[in-house]
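Here is a report on one protein chain. Keep the sequence and the structure open while reading.

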Amino acid sequence: VCSDSTSPWRALSAYNTGTWYGTSYAYDCSSNDAALPTVEYTHEVLQADAPLQLATATVVDRSESSMLHDIRISATTDIDLDGSYSDEHRAGLQHADSLLTACGAATRGRGLVLEHSLALSDEERRRCLLVYGEGSEATLQTVLLLIE
């Protein structure tokens, strides 16, 4: 686990940059259904040219297509010195959207998505994506547990 005590950004970047292989478990909050299919994916995190920005690409179920998404560190990002972080994505998160589409969930990751990432070791992390509905349906719709 990264322990750069001088900069939370360097700790976040050093720990999370690279290739993460994971399995996503989706839980539908409206029906308490944990039986949505699991999804295997590869999540590539790259250092972007702009400061305080990471570029990510997700490949779901070994498909040839990937979705690129830039993550900008903002005032809502809470970074721990071990590389763990929490963030709020008000306009959704493409990574959540692609995983929800792949498992056949009714909701999509286009509304508010709260992301929590916990560094477990140098090569293992857990992430939780709380996906809320859009507009007037801004209630918790789906929880994604990502084992990486």
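## Model and confidence

This is a predicted model. The mean pLDDT of the protein chain is 80. Of its residues, 78% reach 70 or more. Confidence is lowest in strand S4, residues 67–72, where the mean is 61. It is highest in S8, at 94. Where pLDDT is low, the coordinates should not be read in detail.

## Overall fold

The protein chain has two helices and nine strands. Along the sequence they follow the pattern α-β-β-β-β-β-β-α-β-β-β. The chain holds 148 residues, and buried residues make up 42% of them. Take the contacts between residues at least 6 apart in sequence: 46% of these join residues at least 24 apart.

## Strand pairing around S1

Strand S1 covers residues 18–28. It pairs with S2 in the antiparallel sense, over seven bridges. Within that pairing, Gly22 stands opposite Tyr41 of S2.

S1 also pairs with S9. The sense is again antiparallel, over six bridges. Tyr27 has Val143 in S9 as its bridge partner.

Helix H1 spans residues 8–16. Its buried residues are Trp9, Ala11, Leu12, Ser13, Tyr15 and Asn16. Gly18 follows H1 and has a positive phi, near 135°.

Gly83 is found in the loop between strand S5 (78–79) and strand S6 (85–89). Is Gly83 buried or exposed? It counts as buried because its relative accessible area is 0%, against a cut-off of 20%. Leaving aside neighbours within four places in sequence, Gly83 is in contact with Ala11, Leu12, Tyr15 and Asn16. Ser117 is 34 residues from Gly83 in sequence. In space, their C-alpha atoms are 8.4 Å apart.

## Nonpolar cores

The largest nonpolar core has 16 residues. Those that touch the most other members are Ala96, Leu99, Cys103, Leu129, Val131, Leu144 and Leu146. Four elements each supply at least two residues of this core: strand S2 (39–47), helix H2 (94–103), strand S8 (124–132) and strand S9 (140–147). H2 gives the largest share, four residues. A second, separate core has nine residues, including Trp9, Trp20, Val45 and Leu54.

Which residues does Leu144 contact beyond its neighbours within four places in sequence? They are Ser24, Tyr25, Ala26, Ala96, Leu99, Leu100, Arg127, Cys128, Leu129 and Val131.

## His43

His43 lies in strand S2. It counts as buried because its relative accessible area is 3%, under the 20% limit. The side chain of His43 makes a polar contact with the side chain of His95, at 3.3 Å.

Set aside neighbours within four places in sequence. His43 is then in contact with Gly18, Thr19, Trp20, Thr56, Ala57, Thr58, His95, Arg125, Arg127 and Glu148.

## Cysteines

How many disulfides does the model have? The count comes to zero. A disulfide is a covalent bond between the sulfur atoms of two cysteines. The cut-off used here is 2.5 Å between sulfurs. For Cys29, the closest cysteine sulfur is in Cys128, 9.4 Å away, so the two are too far apart for a bond.

Cys29 has 28% relative accessibility, so it counts as partly exposed. Cys103 has 6%, so it counts as buried. Cys103 also belongs to the largest nonpolar core.

## Ala106

Ala106 is found in the loop between H2 and strand S7 (113–121). Why does Ala106 count as exposed? Its relative accessibility is 79%, and the cut-off for exposed is over 50%. Ala106 and Gln141 are 35 residues apart in sequence. Their C-alpha atoms are 9.0 Å apart in space.

Note on methods
Residues numbered from 1 in each chain as written. Heavy atoms only, no water. Buried < 20%, exposed > 50% of the residue type's maximum accessible area, 1.4 Å probe, protein only. Core = buried A, V, L, I, M, F, W, Y, C linked by side-chain atoms within 4.5 Å. Contact = heavy atoms within 4.5 Å. pLDDT = per-residue confidence, 0-100. Polar contact = N/O pair within 3.5 Å; in protein donor to acceptor, adjacent residues only side chain to side chain. Pairing = 2+ DSSP bridges.
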